[in-house]
Structures are given as C-alpha cells and as structure tokens.
Amino acid sequence: MRLVGQVVRELNAYLSGHPDERARIEPLFETLLDHARRGHCRHGGGCPVISAGALVVNERGEVLKARSPHGVWQFVETHVGPTDVTPRTAALRVVRETFGPLDVWSCPTHDDAPLVVDVLPAHAAPHYGFRYVFGAFSSTLPSALQDNGVAQWMPLTSIRSDVLQERVRKVLATGV
Ligand SMILES: [Zn+2]
C-alpha cells in the first residue's frame with residue numbers, strides 16, 4: 001500500500017462518523033503512524049493486515065455476491081497488496097477481477113470513508129477489513145457470470161452482519 005496518508009485520512013473520516021469505534025481501531029492508527037514516521041515497517045510478521053471488500057448495490061436494492069471456490073456466496077474481498085494505492089483501489093481491483101467489465105461508481109459515504117471497518121479474527125497478525133459500497137446497474141453484470149453460477153444479485157437480507165446491512169440500507173435510502 002503506497003499511500004498511508006490517504007488511509008489515515010479515510011480512518012479519520014470514518015471515526016468522525018463512528019466515534020464509538022475509536023478504541024478498536026486505535027491499534028491500526030498507531031501502526032500506520034509508526035510506519036509513516038520511520039519510513040519502514042519494524043513489525044516483522046506481526047504487521048497488521050488490511051483487506052478491502054466491495055459491496056456492489058444495484059438500482060433494485062440488491063447486493064452482488066460471488067461464489068467462492070468452496071461454493072459459498074460472499075462479497076468480493078482481497079488483501080491490500082504493495083501495488084494497491086489505497087484499500088479503495090484494491091476493492092475496485094477485485095471487482096474488476098471478479099466481475100469483468102461491470103461498470104461501478106462509488107456511493108456517497110461520510111467523506112469517502114469506508115462503509116464499515118471490521119476488526120477480523122486475528123491469526124498471526126491483527127486483521128482489518130475495509131468495506132466500500134459501490135453502485136452498478138443490474139443489467140451491466142455480464143449474463144455469462146450469472147449463467148455459470150459465478151455471480152448473483154441477492155436481497156439485502158443476505159448480508160449477515162446487521163451493522164453492514166443497516167449501513168447499506170442508509171446508503172440506498174439516499175439513492176444509489
Ligand atoms: Zn509494520
């Protein structure tokens with residue numbers, strides 16, 4: 001990830017909208033600032049991992065899921081790699097990789113912050129999930145992806161996280 005400053009800005013914007021979440025996100029903040037100050041990472045294998053996820057919603061209020069190799073329908077997600085500029089561009093990358101020419105746009109969130117920042121169960125290192133919401137017209141999803149069982153529009157109620165479902169509802173209420 002090349003633009004730490006942009007991630008810090010996004011986190012600041014996110015926390016100004018969700019101040020009650022500061023405590024759980026604070027460790028990521030500390031790490032990013034430490035990286036910026038030193039110009040390198042000194043965490044070894046324990047450096048926090050950031051994933052970027054994309055929730056694509058259409059004009060009918062449905063969300064787009066992809067089938068995993070294990071047959072589970074889920075939102076697309078990827079690790080933010082060294083070539084990704086920000087988590088948001090990583091989320092757009094995985095949308096492109098999974099859904100091909102699907103034409104998406106960013107939906108308004110608080111100062112372009114992620115819709116949700118999840119703290120995921122840690123393995124070797126702390127793991128954070130940045131989830132962004134994008135809009136798309138249902139008709140632009142290539143029909144081959146649906147026919148082959150790769151991608152599918154699903155109702156909002158298929159979002160398992162209540163917090164996420166509620167926030168997507170709010171975005172939809174202001175128009176995709
Ligand atoms: Zn580090």
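**How do we know?**

Reader: Where is the place of valine 116?

Author: You'll find valine 116 in strand β6. Strands here are DSSP runs of E with at least two residues, helices are runs of H or I with at least four, and both are numbered from the N terminus. Keep in mind that this is a predicted model, where local features need pLDDT of at least 70, side-chain atom pairs count only at pLDDT 80 or more, and totals for chains, interfaces and linings use all residues. Residue numbers start from 1 along each chain as its sequence is written.

Reader: What makes valine 116 buried?

Author: You count neighbours. A residue is buried if 20 or more other C-beta atoms lie within 10 Å of its own, exposed if 12 or fewer, and partly exposed in between, with C-beta atoms placed from the backbone. Valine 116 has 22 within 10 Å, so it's buried.

Reader: Which residues does valine 116 touch?

Author: Leaving out residues up to four places away in sequence, valine 116 touches Arg131, Val163, Leu164 and Arg167. Touching means that two C-beta atoms, placed from the backbone, lie within 7 Å.

Reader: Is histidine 110 buried, exposed or partly exposed, and why?

Author: Histidine 110 has 14 C-beta neighbours inside 10 Å, so it counts as partly exposed. Its place is in the loop between β5 (105-106) and β6. Skipping residues up to four places away in sequence, histidine 110 touches Ala13, Tyr14 and Gly17. The C-alpha atoms of histidine 110 and histidine 18 are 9.8 Å apart, although 92 residues separate the two along the chain.

Reader: What does the largest nonpolar core hold?

Author: That core has 37 residues, and Ala54, Leu55, Val56, Val95 and Phe134 have the most contacts inside it. Elements that each supply at least two of its residues include α1 (4-17), β1 (49-57), α3 (87-99) and β7 (127-135). The largest share, six residues, comes from β1. To be called a nonpolar core, a set needs buried Ala, Val, Leu, Ile, Met, Phe, Trp, Tyr and Cys residues joined through C-beta atoms within 7 Å. As for Ala54, not counting residues up to four places away in sequence, its contacts include Val94, Val95 and Phe134.

Reader: How do you know that the span of α3 agrees with 1.5 Å a residue?

Author: The expected span is 1.5 Å times one less than the number of residues. For the 13 residues of α3 that rule gives 18 Å, and the end C-alpha atoms are 18 Å apart, so the two agree.

Reader: Why do the buried residues of α3 line one face?

Author: Those residues are Pro87, Arg88, Ala90, Ala91, Val94, Val95 and Phe99. Seen down the helix axis, they fall within an arc of 160°, so they line one face of α3. The arc is that of the directions from the helix axis to the C-beta atoms. Here's the general idea: an α-helix has 3.6 residues a turn, so residues three or four places apart point the same way. What covers the buried residues of α3 includes α1, β1 and β7.

Reader: How do you know that the radius of gyration of the protein chain agrees with a compact globule?

Author: The radius is taken over C-alpha atoms, and the globule rule is 2.2 Å times the number of residues to the power 0.38. For 176 residues a compact globule would be near 16 Å, and the chain has 16 Å, so it agrees. Within this chain there are five helices and eight strands, and buried residues make up 27% of the 176 residues.
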